[in-house]
Each structure stands twice: as structure tokens, then as C-alpha cells.
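Trainee: Could you show me how to read the features of a structure, one after another?
Mentor: Gladly; let us look at the model together.

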Amino acid sequence: MFGELLRELRKDHKMTQTDLAALLSLSPLTISAYECGRSMPDDETKVKIARIFNVSLDYLLGLIREPFPFERSQHTIFCPPNFSSDDIDKVQEYVQFLSYQKKIKSKSL
């Protein structure tokens, strides 16, 4: 699974194996081995890969399906894993409602 995600991320970012290898100070053959599942990077390299593609390690390791950014701010909302897509839609609607209220309030000042 890691190799498939790595290949997908690399291609989505229009990078070759050689490009990624250069960023990681590795050989293109090592990147190929990761993508084919013949080997796994060490933890330090996994963190570097997550930073390069700005995805969480949880996503990179296949633990979650939503690619949260590696660097998160206070504006990132984490919903419980048991939230359905309808629940998440409601959260997004509520955020929009709060933004609207804030906008209206600032106009009345």
C-alpha cells in the first residue's frame, strides 16, 4: 500500500523517480524499490516524503484515506472516524453559518 500511495503522490506532483530521489538524497532504484514494495523507507525518510508531498504520515502509511496536510494549523478540523459524509457536510454547513454570522456582525459595527 505504501508503494502505491508513493507512486500516486509522485505522479500527482509530476515528479519522476529521479526527481524524488534527488530530493531525498537517494538513488532512483531505491524509489523504485519503495514503489514496488521491495523495501520500505526508514522513519526519517517517511517524514521527509510526507513533508515533500505535504501529507500526514497517517495518510502516507495508509491508515487514513483523507490526505491531511503534514503541517496543520488551528484551522484544521478533525472529525471523529465514525462521522458519516452527512455528518461532515453538517460540520461544513455550520462553519459556513458561523462565517456568515461573523460577516454580518462586522458589517453592523
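What follows is a conversation that goes from the overall fold to salt bridges and the surface.

Mentor: First, the ground rules: this is a predicted model, where local features need pLDDT of at least 70, side-chain atom pairs count only at pLDDT 80 or more, and totals for chains, interfaces and linings use all residues. Residues are numbered from 1 along each chain as its sequence is written, and side-chain values use heavy atoms, with hydrogens and water left out.

Trainee: How many helices and strands are in the chain?

Mentor: Helices (H or I, at least four residues) and strands (E, at least two) are DSSP runs, numbered from the N terminus. Here the chain has 6 helices and 0 strands, and along the sequence the pattern reads α-α-α-α-α-α.

Trainee: What is the radius of gyration of the chain?

Mentor: The radius of gyration is taken over C-alpha atoms, and the globule rule is 2.2 Å times the number of residues to the power 0.38. A compact globule of 109 residues would come out near 13 Å, but this chain has 19 Å. Along the principal axes, the C-alpha atoms fill a box of roughly 60 × 30 × 20 Å.

Trainee: And how do I read burial and contacts?

Mentor: Buried means under 20% relative accessible area, exposed over 50%, and partly exposed in between (1.4 Å probe, protein chains only). Of the 109 residues of the chain, 24% count as buried. Contact means heavy atoms within 4.5 Å. Among contacts between residues at least 6 apart in sequence, 35% join residues at least 24 apart.

Trainee: Which residues of the largest nonpolar core touch the most other members?

Mentor: A nonpolar core is a set of buried Ala, Val, Leu, Ile, Met, Phe, Trp, Tyr and Cys residues joined through side-chain atoms within 4.5 Å. The largest one has 16 residues, and Leu6, Leu20, Ile49, Phe53 and Leu60 touch the most other members. Helix 1 (2–12), helix 2 (17–24), helix 3, helix 4 (43–53) and helix 5 each supply at least two residues of this core, and helix 1 gives the most, with 4 residues. Take Leu6 as a case: not counting residues up to four places away in sequence, Leu6 touches Leu20, Tyr34, Glu35, Ile49 and Phe53.

Trainee: Which residues of helix 3 are buried?

Mentor: They are Ile31, Ser32, Ala33, Tyr34 and Glu35. What covers them includes helix 1, helix 2 and helix 4. Just after helix 3, Gly37 takes a positive phi of about 80°.

Trainee: Glu35 carries a charge in that list. Is Glu35 buried or exposed?

Mentor: Glu35, in helix 3 (residues 28–36), is buried, with a relative accessible area of 4%. Leaving out residues up to four places away in sequence, Glu35 touches Gly3, Glu4, Leu6, Arg7, Arg10 and Gln17.

Trainee: Which residues form salt bridges with Glu35?

Mentor: Side chains of opposite charge can pair when their charged atoms come close. A salt bridge is a side-chain nitrogen of Lys or Arg within 4 Å of a carboxyl oxygen of Asp or Glu. Arg7 forms one with Glu35, the closest N and O atoms being 3.5 Å apart. Arg7 lies in helix 1 and Glu35 in helix 3, so the pair ties together parts that are 28 residues apart in sequence. Arg7 is partly exposed, at 28% relative accessibility. Arg10 also forms a salt bridge with Glu35, with the closest N and O atoms 2.5 Å apart. This pair links Arg10 in helix 1 to Glu35 in helix 3, 25 residues apart, and both residues are buried.

Trainee: Which residues make the nonpolar surface patch?

Mentor: Patches are made of residues with over 30% relative accessible area and no salt bridge: like charges are joined within 9 Å, nonpolar side chains (Val, Leu, Ile, Met, Phe, Trp, Tyr) within 5 Å. Here Met40, Leu57, Leu61 and Leu63 make a nonpolar patch of about 370 Å². Among them, Leu61 lies in the loop between helix 5 (57–60) and helix 6 (85–108) and is partly exposed, with a relative accessible area of 36%.

Trainee: What is the accessible surface of the chain?

Mentor: Accessible areas come from the Shrake-Rupley method with a 1.4 Å probe; for residues, only the protein chains shown count as cover. The chain comes to about 8200 Å², of which 53% belongs to carbon and sulfur atoms.
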